[in-house]
Amino acid sequence: MYRFLILLSATFFLFSCQNNAETDKDHLVFRYNEHGNIPTLDPAFARNPQAIWPDNQLYNGLVQLDDSLNIEPDIAKSWIINDSTYTYTFFLRNDVFFHKNKVFGKDSTRTVNATDFVYSFNRLTDEKIASSGSWVMNYVESYKAENDTTFVIKLKQPFPAFLGLLSMRYCSVVPKEAVAFYGNEFRRNPVGTGPFQFKMWEENVKLVFRKNPLYFEKDKYGTQLPYLEAIAITFLPDKQSEFLQFAQGKLDFISGLDGSYKDELLTTHGKLQPKYEDLAYMITGPYLNTEYLGFFLNANTPEIKSKILRQAVNYGFDRQKMVTYLRNGMGIPAIHGFIPKGLPGYAEIDGYTYQPEKAKQLIEQYKAETGDTNPEIIIGTNSQYLDLCEYIQRELEKLGISVTIDVMPPSTLRQMKSSGELDIFRASWIADYPDAENYLSLFYSPNFAPNGPNYMHFKDAVFDSLYVKSLSISNIEARKLLYTKMDSIIVADAPIVPLFYDMAVRFVNKKISGLGINPQNFLVLKHVKKSK
């Protein structure tokens with residue numbers, strides 16, 4: 001690490017002193033690195049950010065989200081929802097063209113119509129394709145093209161978050177001609193409608209997109225998007241190398257913090273170190289991810305079964321101090337329940353703040369009620385979060401709870417969490433779609449793991465009834481009231497220990513403007529400009 005910082009400092013000052021003249025081509029190309037590899041460019045398999053980020057540049061769906069997670073038109077210019085029949089009728093634009101490609105014959109392209117959405121949705125449920133997004137269609141009873149510009153979806157039952165679900169990259173439109181022509185190789189020969197189109201891909205080396213000259217969206221001044229000429233993606237496998245490239249001006253942005261450079265780049269209070277202020281600026285915002293400890297409530301362990309001891313754990317450590325010193329301030333202490341900040345449905349309900357005296361009282365109450373004079377707990381985690389768990393361990397042991405930390409590989413942690421083999425486990429929940437129902441589903445009793453995400457095996461009749469009721473309410477403001485009640489039930493029963501609500505953080509070269517940030521940390525480049 002020390003050698004890395006010496007090399008980084010030398011590299012940074014070398015390049016800051018050089019006069020690197022860019023060509024006209026360079027100043028129109030946005031460059032970023034994907035250290036995790038990109039498995040496919042087929043949106044039917046866009047299950048993680050590595051695939052979603054490039055797919056956002058290549059494809060469109062019926063609707064899209066703005067940076068505040070509001071639903072906006074995309075290929076659908078408008079829609080009508082019939083609550084009584086659970087029917088969504090979408091009216092499509094007639095000026096959206098697929099990327100130019102030989103599969104379309106002499107015209108090289110054609111307009112998108114409603115039958116293209118029928119085909120694209122069929123792919124999600126086709127067992128031969130085995131899309132990782134097939135679950136999106138679980139709520140759908142039928143769909144059809146009434147004509148070229150009218151697409152109708154009927155749900156099996158009410159599901160108010162459905163529009164948000166349709167914004168997912170899984171629901172992108174693709175042309176039958178291209179999938180039929182390329183077959184399994186469509187994954188590396190994508191044809192969509194997005195602001196950029198595929199140019200070349202040398203896997204694990206470089207991926208290039210070019211501007212789509214037929215793109216339909218315009219900015220508020222009537223100028224056609226996108227502004228950039230191209231996107232170039234590299235595949236350096238480690239974050240240290242990625243950061244060196246950024247410090248040299250060879251990458252236009254990096255996302256997130258890594259332990260190899262977080263102290264080099266940020267102060268302990270989460271501010272950009274002064275020596276990087278001429279190179280870059282920082283953008284932060286809420287990220288739809290709650291980090292937490294979960295209690296497996298069916299465990300044959302008196303400490304886990306005791307609500308007052310679970311509450312004592314929640315009161316027993318300082319979340320603000322944890323975020324400040326272990327995450328350089330890049331996080332929001334989770335003192336207001338499970339629903340993260342940045343999501344409609346978040347409310348500043350009374351959660352758990354640092355109250356060591358109250359924690360001690362609860363521990364003494366637990367000892368008196370159970371006769372257990374030496375409460376012990378075991379926390380399962382992976383190495384990435386060991387520092388957080390060790391901090392909690394130190395704080396709880398000061399109060400009289402003995403803590404053991406069991407470190408294991410991420411795959412083992414996931415398996416044991418799902419099968420109920422861990423009394424306490426470190427976990428996170430990242431939103432699939434922008435509705436608090438996505439978070440509250442973790443506590444709905446029919447969702448017990450391993451068949452659902454209720455890893456805690458939490459069960460509460462009032463919670464379940466409120467959850468079911470919320471599914472029948474289309475008005476978001478009315479749903480928020482129920483969401484707040486459900487979150488309050490979770491806080492009171494303490495089946496989890498919310499740690500912090502994550503933050504998205506981006507470090508951006510000062511030549512870049514218009515990038516923005518959003519609570520899902522998705523990359524959208526159609527509004528980005530790059531100066532010389």
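Analyst: Strand β9 (residues 206-211) and strand β10 (residues 230-234) are paired in the antiparallel sense over five bridges. Helices (H or I, at least four residues) and strands (E, at least two) are DSSP runs, numbered from the N terminus, and two strands pair if DSSP finds at least two bridges between them.

User: What kind of model is this, and which thresholds apply?

Analyst: This is a predicted model, in which local features need pLDDT of at least 70 and side-chain atom pairs count only at pLDDT 80 or more, while totals for chains, interfaces and linings use all residues. Residues are numbered from 1 along each chain as its sequence is written, and side-chain values use heavy atoms, with hydrogens and water left out.

User: Back to the pair. Which residue in β10 is the bridge partner of Arg210?

Analyst: The partner of Arg210 in β10 is Ala230.

User: And in what order do the strands of that sheet run?

Analyst: The order is β1-β10-β9-β8, an open sheet of four strands with mixed pairing. Its edge strands are β1 (29-33) and β8 (196-202), each of which pairs on one side only. On average, neighbouring strands of this sheet are turned by 15° against each other, direction ignored. Axes here are lines fitted to C-alpha atoms, for helices over the stretch in contact, and angles run from 0 to 180 degrees between N-to-C directions.

User: Which helix lies across it?

Analyst: Helix α2 (residues 49-58) lies across β1, β8, β9 and β10, and runs at about 135° to β8. Contact means heavy atoms within 4.5 Å.

User: What about the sheet with β4 in it?

Analyst: That is an open sheet of four strands in the order β4-β5-β7-β6, with antiparallel pairing. The edges are β4 (76-82) and β6 (140-147), each pairing on one side only. Neighbouring strands are again turned by 15° against each other on average, direction ignored. Helix α3 (residues 114-125) lies across β5, β6 and β7 (150-155), at about 155° to β6.

User: How many bridges join β4 and β5?

Analyst: Six bridges join β4 and strand β5 (residues 87-92), in the antiparallel sense. In β5, Thr89 is the bridge partner of Ile80, and Leu92 is that of Ala76. The hairpin of β4 and β5 has four residues between the strands, and Tyr86 there takes a positive phi near 55°.

User: Where are the cis peptide bonds, then?

Analyst: One joins Leu225 and Pro226, with omega about 0°, and Pro226 has its place in the loop between β9 and β10. Another joins Ala449 and Pro450, with omega about 10°; Pro450 lies in the loop between α14 (437-440) and α15 (461-470).

User: Changing topic: how many cavities of 30 Å³ or more are there?

Analyst: The count comes to two. On a 1 Å grid over the protein atoms alone, a cavity is a set of points where a 1.4 Å probe fits but cannot get out, and lining residues have an atom within 4 Å of a point. Grid points are joined across faces, edges and corners, and a volume is the space filled by probe spheres set on the points.

User: What lines the largest cavity?

Analyst: Its lining consists of Pro43, Ala44, Ser120, Arg123, Leu124, Tyr170, Ser172 and Val174, and about 40 Å³ of space lies in this largest cavity.

User: And the second largest cavity?

Analyst: Its volume is about 30 Å³. The lining is Gly337, Tyr352, Ile490, Val491, Ala494, Ile496 and Pro498, to which α16 (476-493) and β17 (496-509) each supply at least two residues.

User: Finally, what about the overall dimensions of the chain?

Analyst: The C-alpha atoms of the protein chain fill a box of roughly 85 × 65 × 40 Å, taken along the principal axes. The protein chain has 16 helices and 19 strands.

How values were computed: On a 1 Å grid over the protein atoms alone, a cavity is a set of points where a 1.4 Å probe fits but cannot get out, and a pocket is an open set with protein on both sides within 12 Å along at least five of seven lines; lining residues have an atom within 4 Å of a point.
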